[in-house]
Amino acid sequence: MKADTLVYEKKGNNVRLAALNGGKLAELDLYDDTRAGEGNVYLGKITRKIELANDRFGFKVNIGDAEDAFLNGWEPDLKECNMAEGQSVVVQVTQERRAEKGAKVVRNIQIVGTTLVYRPFYMNVDVSSKIEDKTLAQKYRSAVWENTTGQEGWAVRTAAVDYPVEEVLEEMVKLRGIYEDIRVKARQATAPALLYVRENPLFEYIRRYKDALEKIVVNDHHLEEKINEAAGTTMAVFEAEPFEKFGLEDEIVEALNRTVKLPNGGEIHIEQTHAFVTIDVDSGSHEGGAVNSLNEEAAHEIARQIRLKNLSGKILIDFAGSSEYRYMRSLMDILSSDLADDPCRARVLGLSKAGNIEMLRQRRRPSLLDTYTEECPTCQGTGRVEK
């Protein structure tokens, strides 16, 4: 997915960030600085021990969020923990609080940089599979491995190839310093306490869309100067009310609708439930003739809607017409291609026996619907009217 314009607006504790391509909204993120954000590191306090399946344990952890977070006692590369109520533990948020569920946290902390990810509990150096030049990938891996000290692990990000090796090695020192600062704060703090705040998401967006990016609109003069200084050009511009200027308020309202109308007359119906997301393609008054063209048009739009609405977890898609594999193969290819650069790792699993395309998408942040709305306390979301 490409974006030529980023729009950033912060008011109080609320941040809204939109990616536009050709004037069309491609991606939207909303953040609340008072929430436990993904990537933040906390000193938490165990409030309750929970029995899980297979004789394993989990814990409720107070990290200062509105709801206690959940910590699984077992994590890859770490010894299973068995803690008691009142004990303190350093954890990182991997999934933000949403609807009725608290955040999910892990002990296996990772500090994400521009070119590297520092993994202090992992003893290896991995390289992004998206680096196509394998010789270059090995060059960066070798350089990082040679500068690894003690028990620590690293992941070389795709963006590393845009930087000289010297700058990658400099970031190793920087990320180690951040982790050491977390450790020092943890020894001095009283739980619950915030130990580390992730980087402003705007800069991750800038790296993600750098190839096509032309303009960044912000309502913060400090950010404007910082972005232009880093870019070496006037890419960032100030606008007091950027979302209003670009008509994004109306776009958000439109994005909350369950039904999406396709240009040629078809419709996509999206239902979000506690268990999974269902998407149905309806030919409606489609004027394109063949059902195949309708489904291809719908597949591209579904990929866009998944990112725009931040749909995650299990996703079932029922396309129009025949559900035979020979017709669905090309649609699965479109979904895979359009979501290939999705930071939430969307995977097309295949075709079910019922003829539905099944997908999984990593759940990291609340959906757009969960961010802007809540279930009616009276009907609990059923909302049906007597005939």
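Visitor: How do you know whether α3 passes α4 in a left-handed or a right-handed crossing?
Guide: α3 passes α4 in a right-handed crossing; the term is used if the near helix is turned clockwise from the far one by less than a right angle, and left-handed if anticlockwise. This is a predicted model, in which local features need pLDDT of at least 70 and side-chain atom pairs count only at pLDDT 80 or more, while totals for chains, interfaces and linings use all residues. Residues are numbered from 1 along each chain as its sequence is written, and side-chain values use heavy atoms, with hydrogens and water left out.

Visitor: What makes α3 and α4 touch, and which residues make the contact?
Guide: Contact means heavy atoms within 4.5 Å, and it is made by Leu202, Phe203 and Ile206 of α3 with Leu223, Lys226 and Ile227 of α4. By class, these are five nonpolar, no polar and one charged residues, where Ala, Val, Leu, Ile, Met, Phe, Trp, Tyr, Cys and Pro count as nonpolar, Asp, Glu, Lys and Arg as charged, and the others, Gly among them, as polar.

Visitor: Why are β3 and β15 called edge strands?
Guide: In the open sheet of five strands, the order is β3-β2-β1-β14-β15, with mixed pairing. Strands pair if DSSP finds at least two bridges between them, and β3 (24-32) and β15 (236-238) each pair on one side only.

Visitor: Where does α6 pack, and in which direction?
Guide: Helix α6 (residues 248-255) packs on the sheet, touching β1 (5-11), β2 (14-21) and β3, and its direction makes about 90° with that of β2; angles run from 0 to 180 degrees between N-to-C directions, along axes fitted to C-alpha atoms, for helices over the stretch in contact.

Visitor: Which residues of α6 are called buried, and why are they placed on one side?
Guide: Buried means under 20% relative accessible area, exposed over 50% and partly exposed in between, with a 1.4 Å probe and protein chains only, and in α6 Leu248, Ile252 and Ala255 are buried. They cover an arc of only 65° around the axis, which puts them on the same side of α6; the arc is that of the directions from the helix axis to the C-beta atoms. The face turned away from that buried side carries the exposed residues Asp250 and Val253.

Notes:
Helix = DSSP H or I, 4+ residues; strand = E, 2+ residues; numbered from the N terminus.
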